[in-house]
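Reader: I would like to learn how to read a few features of a model like this one. Could you take me through them, starting with the general idea each time?

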Amino acid sequence: MTAAVAPERPELPRGPGNPRKNGAVRAASLRSVARNYVDRVRGGELGAIPAVLGLIVLCVFFAVLRPVFLSELNFANLLTQGAGSIAIAMGLVFVLLLGEIDLSAGYASGVCAAVLAVLLTDHGWPWYGAAGAAILTGTVIGLVLGLLVAKVGIPSFVVTLAAFLGFQGIVLMLLKEGTNVSIRDATILAVANNNLSPVLGWVLLAVSVGVYAAIQLRQSRNRRRRGLAPDPLTLLAVRIGGLAVLGAIAVHLLNQERSRNIIVDSLKGVPIVVPVIAVLLIAGTFLLQRTSFGLHVYAVGGNAEAARRAGINVAAIRISAFVICSSLAAVGGIIAASRGNSVDPNTGGSNVLLLAVGAAVIGGTSLFGGRGRVRDAVLGGMVVAVIQNGMGLMGYSSGVKYAVTGSVLLVAAGVDALSRRRAVQR
């Protein structure tokens with residue numbers, strides 16, 4: 001099986017009806033772009049389509065049954081509720097792309113959160129020092145796990161299962177056998193509990209749309225310079241305009257007053273954790289889609305032996321993926337500590353790992369390796385958050401929530417398996 005990397009469009013021969021004629025390169029037509037996309041979907045490359053459709057259906061379903069689901073307050077809760085799991089899921093995407101698994105990511109985030117809390121509360125470290133130490137802890141954890149998998153040759157399932165058990169003990173030792181450590185640092189608490197000012201929210205949206213537009217236009221210009229047919233300007237306008245419209249709707253809703261008692265406290269603006277997740281999404285996407293490291297990750301995930309024969313350092317790629325995974329787990333732990341205002345032995349435990357893996361897979365990342373994007377973690381994380389939130393509003397128990405989330409995960413894995421089988425048959 002070859003690496004699951006979307007290839008560049010091949011250079012078309014000169015002649016009538018082709019984008020390139022007599023040295024001039026014309027943009028592909030919308031019809032040809034749509035036809036190519038439909039062909040890819042028929043060939044099993046569903047991508048994020050199931051997650052997007054599922055998210056739309058779930059939102060409509062809960063909005064009809066519980067109109068409060070669409071309230072500004074609940075919208076903000078959705079974004080903050082799934083942020084920690086989404087950060088962990090982003091790291092898991094890198095490991096899953098290699099066909100590996102990290103069962104310790106949840107408790108790794110708990111260990112890093114415990115390091116953060118102990119340094120802040122017991123040792124009086126400044127927030128940036130404690131946060132840096134927590135992320136460094138995650139990096140070291142990933143390095144150890146990666147070395148055991150890539151160099152020693154122990155299966156990732158066994159290594160991370162052992163770490164899953166061991167990290168629970170480390171959390172207990174750091175927290176002195178179960179002590180709840182409160183976090184009082186205003187900066188850390190602000191990450192998951194405070195909001196940007198309304199004006200700053202609009203500024204960030206404008207900058208984001210501008211940067212996205214510049215990237216899209218640059219890619220189109222680079223393709224034209226290499227003699228390849230760029231995407232039509234109409235399609236670029238739809239992408240940029242769609243981002244601008246959706247972003248404007250979200251910022252407008254979040255800038256509405258959400259406080260039930262405005263005299264006591266005003267609550268409006270984009271939650272701070274949203275741009276934090278956005279930065280991670282942009283950085284992770286750039287790393288996977290625009291660097292040689294990202295191409296090597298897809299190559300190793302598609303066929304490790306072929307990648308090795310092509311000169312790729314497979315062991316280094318595996319180690320790097322685990323380092324990234326545990327480092328992002330540390331970020332997820334910091335977000336969880338901020339949201340809970342404290343750290344206890346359950347931080348990173350319970351269903352954290354299951355929801356993070358579920359988010360990555362439901363979003364479209366393949367469990368078989370070689371297929372997936374960082375954005376899958378965000379889409380899948382939102383699907384999981386919508387299920388948890390919507391069923392909570394409807395009064396269902398935790399047992400029902402777990403059953404439904406597990407069913408959605410099973411369906412997503414089934415769709416992945418069937419689409420891969422179809423791709424092989426074609």
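Author: Gladly! Let us begin with salt bridges: the term is used when a side-chain nitrogen of Lys or Arg lies within 4 Å of a carboxyl oxygen of Asp or Glu. Keep in mind that this is a predicted model. By that rule, the count comes to three salt bridges.

Reader: How far apart are the closest N and O atoms of E305 and R309?

Author: They are 3.0 Å apart, so the pair passes the 4 Å cut-off and forms a salt bridge. E305 and R309 both belong to helix α13, where they sit four residues apart, about one turn of the helix.

Reader: Which residue forms a salt bridge with E100?

Author: R318 does, and the closest N and O atoms are 3.1 Å apart. This pair links distant parts of the chain: E100 is in the loop between α4 and α5 (105–122), R318 is in helix α14 (residues 314–340), and 218 residues separate them. Both E100 and R318 are buried.

Reader: You mentioned α4. How do I read a helix like that, and where does α4 bend?

Author: Helix α4 (residues 83–97) has 15 residues and reaches 21 Å from its first C-alpha to its last, close to the 21 Å expected at 1.5 Å a residue. The bend is at G91 and amounts to about 25°. Just after α4, G99 takes a positive phi of about 80°.

Reader: Why is α4 described as largely enclosed by the rest of the structure?

Author: Because 15 of the 15 residues of α4 are buried.

Reader: Let us turn to rings. How many aromatic pairs does the structure hold?

Author: In general, a pair of aromatic rings is described by the distance of the centres and the angle of the planes. The structure holds four aromatic pairs. One of them is F62 with F69, a tilted pair at 5.8 Å centre to centre, with 40° between the planes. F62 counts as buried because its relative accessibility is 4%, and F69 counts as buried at 3%.

Reader: What kind of aromatic pair do W127 and Y128 form?

Author: Theirs is edge-to-face: the centres are 5.8 Å apart and the angle between the planes is 85°. W127 counts as partly exposed at 38% relative accessibility, while Y128 counts as exposed at 55%.

Reader: Which residues form one aromatic cluster?

Author: F61, F62 and F69 do.

Notes
Residues are numbered from 1 along each chain as its sequence is written. This is a predicted model: local features need pLDDT of at least 70, side-chain atom pairs count only at pLDDT 80 or more; totals for chains, interfaces and linings use all residues. Side-chain values use heavy atoms; hydrogens and water are left out. Rings of Phe, Tyr and Trp (its six-membered ring) pair if their centres lie within 6.5 Å; planes under 30 degrees apart count as stacked, over 60 as edge-to-face and the rest as tilted. Buried means under 20% relative accessible area, exposed over 50%, partly exposed in between (1.4 Å probe, protein chains only). Helices (H or I, at least four residues) and strands (E, at least two) are DSSP runs, numbered from the N terminus. The expected span of a helix is 1.5 Å times one less than its number of residues. The bend at a residue is the angle between axes fitted to the seven residues ending there and the seven starting there.
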